[in-house]
Amino acid sequence: MTDLTRLSAADLAQKLRRREVTSVEVTQAFLDRIAAVDGAVHAYLHVNAEEALATARDVDARREVGEELHPLAGVPIAVKDVVVTRGMPSTAGSKILEGWVPPYDATLVEKIRDARMPILGKTNMDEFAMGSSTEHSAYGNTHNPWDLERIPGGSGGGSAAALASFTAPLAIGTDTGGSIRQPGAVTGTVGVKPTYGSVSRYGLIALASSLDQAGPVTRTVMDSALLHELIGGHDPRDSTSIPEPLPALVEAAAQGAGGDLSGVRVGVVSQLQGEGYQEGVQARFTESLELLRRAGAEVVQVSCPHFEYALAAYYLILPAEASSNLAKFDGMRFGLRVEPEDGPVTAERVMAATRGAGFGDEVKRRIILGTYALSAGYYDAYYGSAQKVRTLIQQDFDAAFEQVDVLVSPTAPTTAFKLGEKLDDPLAMYLNDVATIPANLAGIPGISVPNGLAEPTDGGAAMPTGFQVLAPAKADDRLYRVGAALEAALEKSWGGPLLDRAPELG
Amino acid sequence: MTQLVDYADAVRRFDPVLGIEVHVELGTRTKMFCPAEVEFGGDPNTQTTPVSLGLPGALPVVNGTAVEYAIRIGLALNCQIAESCRFARKNYFYPDVPKNFQTSQYDEPIAFDGWLDVELEDGTVHRVEIERAHMEEDAGKNTHVGGAAGRIHGADYSLVDYNRAGIPLVEIVTKPITGVGDRAPEVARAYVQALRDIFRALDVSEARMERGNVRADVNLSLRATPDAPLGTRTETKNVNSFRSVERAVRYEVSRQAAILDAGDTVVQETRHWHEDTGITTSGRVKSDAEDYRYFPEPDLVPVEPSREWVEEIRAGLPELPQAHRRRLQDEWGYADAEMRDVVNAGALDLIEATVAAGSSPAAARKWWMGELARRAKQDEVELADLAITPAQIGELQGLVDSGRINDKIARQVLDGVLAGEGDPEQVVVDRGLEIVSDDGALLSAIDEALAAQPDVVEKVRGGNQGPVGAIIGAVMKTTKGQADAKRVRELILERIGS
């Protein structure tokens, strides 16, 4: 019998539609796989077995009587723990939310439930999505399924590792500076950061409101398109949600898979390669460009001169917004409450004790940075200047997209590093997102597609690399067309998906 | 502390400068940023959503009606309405602020640069310049249990009710109000009162002071002369009645004058108003250390009211209280002093309704400013709280006008209505107070009276009408006052003449 966990979501959906398999069988297969390998990977913080199986039974019963169902009905999914789920813990990887069970669902979770997709559980992440390795989770490391000694990327390392270890066919991630795309790159999976405002943020525990965006984490480009179409669209509960309908994403992915990119102009961002980019990463990127050329695309170099300031601007805007967004975690209404060890138990002292005990070091570091950046007398120099840089980066993109249809770069400058290697060096950690951050600052969409393996500089087995495609805002369909074309060309050259080459677990 | 300086002495030697911030809770059906229904007096924490509780993941959405109300207020205060304005986060930690920041407006208020003419009781008009009117959300309500008088200090624990958290507020901030001299307390009161009347006329709030729908923060500073630079101000928070506004200003003038007389400097601080003792006490010291770290609210897009919409709202504004008063005075023909008395007595709305119920303006004023004012004073209640409605007064006056009762009887009818015996018509019937208009009955009473005073007939026929009054009196006595004296006179003269 086929191993159901190895199938794409699209294939599972088709088998379910054709009644070749039941949702209970599929869901159980993933739950079994979780039981078998997640002890080593630790992608999940919470496994929602009972409810997932109940949803699966319900879907099967409905299918039995011929009810019209969503194309993804019965296909299980994992959800990053930063997304609130009614009746399921939602910790955002933080001790401060330990034990909190939200009384409501995020809009995208409502859509998942309405589509009758069993939710397998909640995936691990850096605390409040602050990090690029998932090592800042308060609940332990997630391990890269390609090499358990290495990081799975972050902040959404759990979702990416779940896909790479075949413990979920689909997952939800969130991307504030690369937290979907960079884990995708280092685990050999696909990740999409949609246009800002195209997937509702209602129910996402906010990191930086003007940068956060939820999106699909999958093994194939088509699966991302299917999931993106489900979770996207206007939401009146999110003021920043785009009113227009999504472009036709599944159609674009299907078109791209045909392999023809004639007429597509591809811009290589000069600033997102070269120094700081691992040799093998750069080599795979160049090979992928050649595949795009062979598919008919025109490849040119473009310059985005202000990108060199992107990281600096990002690390002012993000902490500033985060310092305010995270103020609500004070022990007064929900989650952890810590009383001071001695002295009077006043509200202010309980707040201080709770935040002192509940937040990890990286969170504290960014709250302090952000508080400082917003302070009277410093606002203009820091937050104000960062916003100006943001405008300049948007203008760089605008100018670039006048010349080309999509922009491309390596997703991450390096392959996955070893657990613990950069934990004490925040600046080195921040550099992981140098290629992904500009898209968040400009609100444009991006995809990371696995494009090969490269030798790590510290030795060991070859690790996955990612190819990033960026498109103008609201033109997410271009990501899918180009991404699917590249995926098809690569898989043809490899004779199958990259993940087939990952080591067996368990 | 130092003795207070006598108020009159203080304002002779110092020039007071006012600044007033008024918060009004808008009467929208739902909250500023979420669909929680707002209703006064609900059980604690029942009017909440994940948004107004500040739960992780929740996002605000601007209430369009609240924006419309804010624009109405801005237009009524002669303000410019911003073409684009943003919300901002005001960051501070306090348990009644669920997100630990208040979503407010900072450097981009929806309305700015306006004015309001404020009329004092003697008819003097002061123009108050409006700096801005901006939108924000209310905080929850803390209840401190244990300890003294509901204060947080010494309390055993505190309870928070988030029903109020997120109710839309508009905050109206004046520019420094100068040149008011010894009338500062009156101007402050009249300004807040004028705003309250405007909120009601605009139908944007119930504007009930006692419920905290309207709350005033009063800034006051003193300077030696009107040419001197502004002195250090204090901000007395949450002064919640018209009378208190006046008293708080008087108190601060006397207190600050004493400090300045002693050669000390006034501390810039917020102060608490104590309704019971009529004094203010020191709150927290405002210093540069208080930094709200304002920044544009990234969860909300800018509010951009189209000019068409603003003009539509302007065209739909109701008549404002001042214009309304001017129009009524013209229509009713009251003298300036009469009108002021009516307004000051709180009788304007009552008289307007009485006139609408059919009474003449003169008669309506006579009732409310005369007999009813007397009774209200006697019972120590407001006119509006008397157990009689303008419609009933209108009906009563109608009975007088139609001759079915006379003025004297009308007072008995009033007694009946106030005693809860029903509408005037009902009281007249139940008490049998209708004027005897049956000529037959009157004639027999007249004949009887004439027979008793035969000399009267002779005198009258001789051209002396004086004694007719005596006959009328006798007839009225027989009919227990329920006769129309005018008709009785006519009948007597007919009788004698015949």
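The legends below describe close-up views of a predicted model. Local features need pLDDT of at least 70 and side-chain atom pairs count only at pLDDT 80 or more, whereas totals for chains, interfaces and linings use all residues. Residues are numbered from 1 along each chain as its sequence is written, chains are lettered from A in the order in which they are written, and side-chain values use heavy atoms, with hydrogens and water left out.

**View 1. The surroundings of A:Lys418.** A:Lys418 sits in the loop between β9 (406-410) and α14 (426-430) of chain A, where helices (H or I, at least four residues) and strands (E, at least two) are DSSP runs numbered from the N terminus. With a relative accessibility of 34%, A:Lys418 counts as partly exposed, a class that lies between buried (under 20% relative accessible area) and exposed (over 50%), computed with a 1.4 Å probe on protein chains only. Neighbours within four places in sequence aside, A:Lys418 is in contact (heavy atoms within 4.5 Å) with A:Glu149, A:Arg150, A:Ile151 and A:Asp458.

**View 2. The salt bridge between A:Arg116 and A:Asp58.** The closest N and O atoms of this pair are 3.4 Å apart, under a rule that asks for a side-chain nitrogen of Lys or Arg within 4 Å of a carboxyl oxygen of Asp or Glu. A:Arg116 belongs to the loop between α4 (107-114) and β3 (119-123) of chain A and A:Asp58 to helix α3 (residues 49-64), so the pair ties together parts that are 58 residues apart in sequence. Both ends are partly exposed, A:Arg116 with a relative accessible area of 23% and A:Asp58 with 29%.

**View 3. The salt bridge between B:Arg72 and B:Glu68.** Here the closest N and O atoms are 3.2 Å apart, and the two residues, four apart in helix α2 (residues 64-76) of chain B, are separated by about one helical turn. B:Arg72 counts as buried at 17% relative accessibility, whereas B:Glu68 is partly exposed at 24%.

**View 4. The salt bridge between B:Glu275 and B:Arg247.** The side chains meet at 3.6 Å, N to O. B:Glu275 is in the loop between β12 (269-274) and β13 (279-285) of chain B, and B:Arg247 is in helix α4 (residues 242-261), so parts 28 residues apart in sequence are tied together. B:Glu275 is partly exposed at 41% relative accessibility, as is B:Arg247 at 24%.
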